[in-house]
Amino acid sequence: WAQLLYALVLFVGLYAAAATASSGRTSGVSSLLPYPDAAGRWLDAEQRAVAVEFTKQSLTKHLLTEADKIILAGVGSYHDQGIYALVSNYGSLVARFLLKPLEESSRVLFAKLNDPALAKQDDNGDSRALLQALSLSLIKLVGYVGLVFVCFGCNYADTLVQLLLGAQWKDGSASTLLAAYCVYILFLSLNGMSEAFVYALSDKSDIARLNYYSVGFAAANTVAAFALLRFTALGSVSLIVANSFVFALRIAYAVRFMSRFFRAPPQTVFAGILPPRPVLAAFGTNYVLTAVSTRIFSANSFANIAAHVGVGAMLFCVQLAVVYTFDRVFLRRLWSFFRRKS
């Protein structure tokens with residue numbers, strides 16, 4: 001129902017925009033509806049080929065999304081299936097409400113900055129430089145979001161489980177799985193934004209190549225998830241490990257694509273994405289400190305929970321100060337992007 005409502009809102013928005021932009025309401029609305037060209041064709045060969053490739057891509061992504069559940073149903077226990085469904089439903093809220101809107105908006109923005117008409121007007125290559133700076137900055141931004149979940153989410157998973165589900169779930173597999181999911185969010189965020197760049201700037205051959213690679217990624221995900229479930233004691237955590245591994249491969253593919261697109265070595269792309277070393281060191285230190293806080297305030301009392309959350313809030317503020325001190329250029333660039341109107 002949420003996806004249906006989203007589609008309806010998007011359609012109404014496009015409907016209104018087309019009607020407003022056109023001098024006549026009828027021609028504006030009709031531009032949203034299918035119509036044949038002068039030769040009587042409803043879809044030319046190039047558009048049809050791109051549509052076919054995107055359909056293949058959607059089917060492959062659907063298989064990647066559902067493969068872990070199918071494997072878990074065939075190999076895992078009912079307990080593992082229930083815990084995985086519970087944690088993935090809570091964890092996916094971050095992707096649905098935070099990461100997905102940002103990725104979709106960025107995909108449109110990347111495509112606009114790569115508009116051939118804009119490139120013809122730009123003799124100095126400023127649009128290409130802006131596209132490179134913007135794309136790397138947005139990937140770094142979602143990387144920071146993922147690092148926050150790794151640093152703070154892992155050691156506060158049991159507290160969140162206790163508050164949402166009760167103290168009886170705190171020391172069970174739900175906390176372990178939720179902590180693993182926090183690490184998974186880092187790979188999920190980096191993969192989503194980097195692939196938004198790939199999808200926005202790929203031509204037909206690039207999309208076809210990505211589809212072939214996606215089949216290999218799906219196969220690797222299936223094999224890794226099955227092997228970890230069958231031959232290790234990780235339980236449902238195996239699926240998160242396998243998915244993270246596949247997302248790492250997809251991120252590497254996207255970085256390679258960006259390297260070719262910008263005609264820059266992969267090291268340059270990674271340098272634009274990775275936070276400065278002092279920031280990474282601060283994340284590592286805060287992870288250790290929040291882990292120590294988890295052990296100190298382990299009792300199931302309101303005072304201990306409040307103290308543990310207070311420690312996390314204080315360290316989070318320290319982390320923000322470190323980012324502001326050592327990555328100020330990134331923050332200023334990001335702020336200038338959001339303030340620009342064109």
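Q: Before we start, what does exposed mean here?
A: Exposed means over 50% relative accessible area, and buried means under 20%. Bear in mind that this is a predicted model.

Q: What span should H11 have?
A: H11 has 20 residues, so at 1.5 Å a residue it should span 28 Å. The C-alpha atoms at its ends are 29 Å apart, which agrees.

Q: Where is Pro 278?
A: Pro 278 is in helix H11, which runs over residues 277-296. Pro 278 counts as partly exposed because its relative accessibility is 35%.

Q: What does Pro 278 contact, beyond its neighbours within four places in sequence?
A: Val 322 and Phe 326.

Q: How far is Pro 278 from Thr 325?
A: Their C-alpha atoms are separated by 9.5 Å. Along the chain, the two are 47 residues apart.

Q: New topic. Where does Ser 236 sit?
A: Ser 236 is in the loop between helix H8 (204-231) and helix H9 (237-262).

Q: Is Ser 236 buried or exposed?
A: Buried, because its relative accessible area is 4%.

Q: What does Ser 236 touch?
A: Leaving out residues up to four places away in sequence, Ser 236 touches Asp 80, Tyr 84, Leu 177 and Leu 229.

How values were computed. Residues numbered from 1 in each chain as written. Predicted model: local features only at pLDDT ≥ 70, side-chain atom pairs only at ≥ 80, totals over all residues. Heavy atoms only, no water. Helix = DSSP H or I, 4+ residues; strand = E, 2+ residues; numbered from the N terminus. Buried < 20%, exposed > 50% of the residue type's maximum accessible area, 1.4 Å probe, protein only. Contact = heavy atoms within 4.5 Å. Expected span 1.5 Å × (residues − 1).
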